[in-house]
Amino acid sequence: MAVDVRTFDLFHTPTYDIAAPSKLGGALTISTVIFCFLCFLSEISSFRHGTVKEMVYLENTGGGQEHVSVHLNITIFDYSCKHVSLDIQDYLGRYEIDEHDTKHLLKENTRNGGCNFNGKIWVRKMRGNFHFTPRGTKTNATITHAIHQLKFGDEIDWDDDDIPMESYDTLEATEEGETKGHTHDYLVKLVRTRVWDDDYGTDIYPYQYTYSHRNFVGHHKGEALPPRVFFRLDFSPLTMSYRRYHESSGVFLSRHLALLAGTFAVVKMFYSTLCVAQDTVRCGKFQ
């Protein structure tokens, strides 16, 4: 006795010659197509924009052998350039008194009798400081100053909302110095940041930082020292990494096809359930 294999069929093939189109089915179809089209536009925009991956790791760079650039634009209002210097100190014994390459750091008198320092210096990646100190016989009771810019490490030449770098120039537009006889001390905590962008083919290392500010009266051998401005640097061993990358086109297509198939499957299931419910009510099984 022959057994017909169609007896075991759980996936009955519908006969579309008896299926009738409806207004509800047409409306659902149009809505589904519009929804899928909007999803495609969103996905293609995300694919072109890329994804930012964040990571924090511990890095040892060799105990102060690496140098970090400092981009500064600071004005000292109470002293002309002849009577103020920019000095650098660190824990390896470096102590430079106003010894800077004039190609990278410009020192110019301002119209109101002050001095503007604009350019770049280098410090070791270790604890240390750079400070502005009055020189010569002229001393004032205050050392009013304005920090127009203070950045560390590589410069960022583009804006990206997906890479949070609000702490890249934290001290910008800061002005202090009305307290008489007080030295200004900025305690700066720096974190190395790696910004790796596949779009631009760049791999740069700027530094983000936070700071605290305090005033104090300096003394030496019982005598008060003239006011100065210190920037004390403390480098964190941690490195923050932001990498923008793009997924492959194959992954993008497979994910989008899965989204299309899933959307149509859910809509089909909803529509079939609604049709069965309508037929049941029409046949009066709940009466």
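Buried means under 20% relative accessible area, exposed over 50%, and partly exposed in between (1.4 Å probe, protein chains only). This is a predicted model: local features need pLDDT of at least 70, side-chain atom pairs count only at pLDDT 80 or more, and totals for chains, interfaces and linings use all residues. Residues are numbered from 1 along each chain as its sequence is written, and side-chain values use heavy atoms, with hydrogens and water left out.

**Cysteines**

Select Cys36. At 6% relative accessibility, Cys36 is buried. The closest cysteine sulfur, in Cys39, is 6.3 Å away, too far for a bond. Cys39 also counts as buried, at 17%.

Now select Cys81 and Cys115. They form a disulfide (cysteine sulfur atoms within 2.5 Å), with their sulfurs 2.1 Å apart. Cys81 sits in the loop between β2 (67–76) and β3 (84–90), and Cys115 in strand β6 (residues 115–124), 34 residues apart. Strands here are DSSP E runs of at least two residues, numbered from the N terminus. The S-S torsion of Cys81 and Cys115 is about 95 degrees, so the disulfide is right-handed. Both cysteines are buried.

**Salt bridges**

A salt bridge is a side-chain nitrogen of Lys or Arg within 4 Å of a carboxyl oxygen of Asp or Glu. The count is 10.

Go to Arg124 and Asp90, which pair at 2.9 Å, N to O. Arg124 lies in strand β6 and Asp90 in strand β3. Arg124 is partly exposed at 23%; Asp90 is buried at 11%.

Finish at Arg127 and Asp234, paired at 3.4 Å, N to O.

Technical notes
Helix = DSSP H or I, 4+ residues; strand = E, 2+ residues; numbered from the N terminus.
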